[in-house]
Amino acid sequence: MEWSTLIATTVAAFLTLSIFSFLYRDNPFYKFAEHLLVGVSAGYWVLILYYTAFVPKVVQSLQEGMWWYIIPTLLGILMWTRLVKGWAWVSRYPL
């Protein structure tokens, strides 16, 4: 067995046991595995949406010379400022 397979299997077994440890009681191992799962899945979906929606619709349109796509793109980017505490007020303008 290769080292990479051994490490991946060990990590997978640890995370599986960490999730099942919630059946006993809420504990730090479960919280770690839960946060890791949510973070990895959120990052995965951000990348999927970027490459399947943003690049074909915005980047390729701008490369083809459709410059009016800049306005909705900027408004969409301004919506993301809601996630930053000090800049949340900026997201009111696109709404």
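**A conversation about a predicted model**

Guide: In this predicted model, threonine 73 touches Phe54 and Val58, leaving aside residues up to four places away in sequence.

Visitor: Where is threonine 73 found?

Guide: Threonine 73 belongs to helix α3, which covers residues 70-79.

Visitor: And is threonine 73 buried or exposed?

Guide: Threonine 73 counts as buried, because its relative accessibility is 13% and the cut-off for buried is under 20%.

Visitor: Let us move to the helices. How do the axes of α1 and α2 cross?

Guide: The axes of α1 and helix α2 (residues 28-63) come within 8 Å and cross at roughly 115°. The crossing of these two helices, α1 and α2, is left-handed.

Visitor: Which residues in α1 and α2 meet there?

Guide: From α1, the residues are Phe14, Leu15, Ser18 and Ile19. They meet Phe29, Tyr30, Phe32, Ala33, Glu34 and Leu36 in α2.

Visitor: How many salt bridges does the structure hold?

Guide: The structure holds one salt bridge. In this salt bridge, the side chains of aspartate 26 and lysine 31 meet at 3.9 Å, N to O.

Visitor: Now the surface. Which residues make the nonpolar patch?

Guide: Met1, Trp3, Leu6, Ile7 and Val11 make a nonpolar surface patch of about 620 Å².

Visitor: Where does methionine 1 lie?

Guide: Methionine 1 lies in the segment before α1, a helix that runs over 3-20. Methionine 1 counts as exposed, because its relative accessibility is 80%.

Visitor: One more residue, then. What is the place of tryptophan 67?

Guide: Tryptophan 67 sits in the loop between α2 and α3.

Visitor: Buried or exposed, this tryptophan 67?

Guide: Tryptophan 67 counts as exposed, because its relative accessibility is 55% and the cut-off for exposed is over 50%.

Visitor: What separates tryptophan 67 and valine 90?

Guide: Along the chain, tryptophan 67 and valine 90 are 23 residues apart.

Key
Residues numbered from 1 in each chain as written. Predicted model: local features only at pLDDT ≥ 70, side-chain atom pairs only at ≥ 80, totals over all residues. Heavy atoms only, no water. Patch = residues over 30% accessible without salt bridge, like charges linked within 9 Å, V, L, I, M, F, W, Y side chains within 5 Å. Areas by Shrake-Rupley, 256 points an atom, 1.4 Å probe, with all protein chains shown as cover. Salt bridge = Lys/Arg side-chain N within 4 Å of Asp/Glu carboxyl O. Helix = DSSP H or I, 4+ residues; strand = E, 2+ residues; numbered from the N terminus. Buried < 20%, exposed > 50% of the residue type's maximum accessible area, 1.4 Å probe, protein only. Axes fitted to C-alpha atoms, helices over the stretch in contact; angles between N-to-C directions. Left-handed = near helix turned anticlockwise from the far one by under 90°. Contact = heavy atoms within 4.5 Å.
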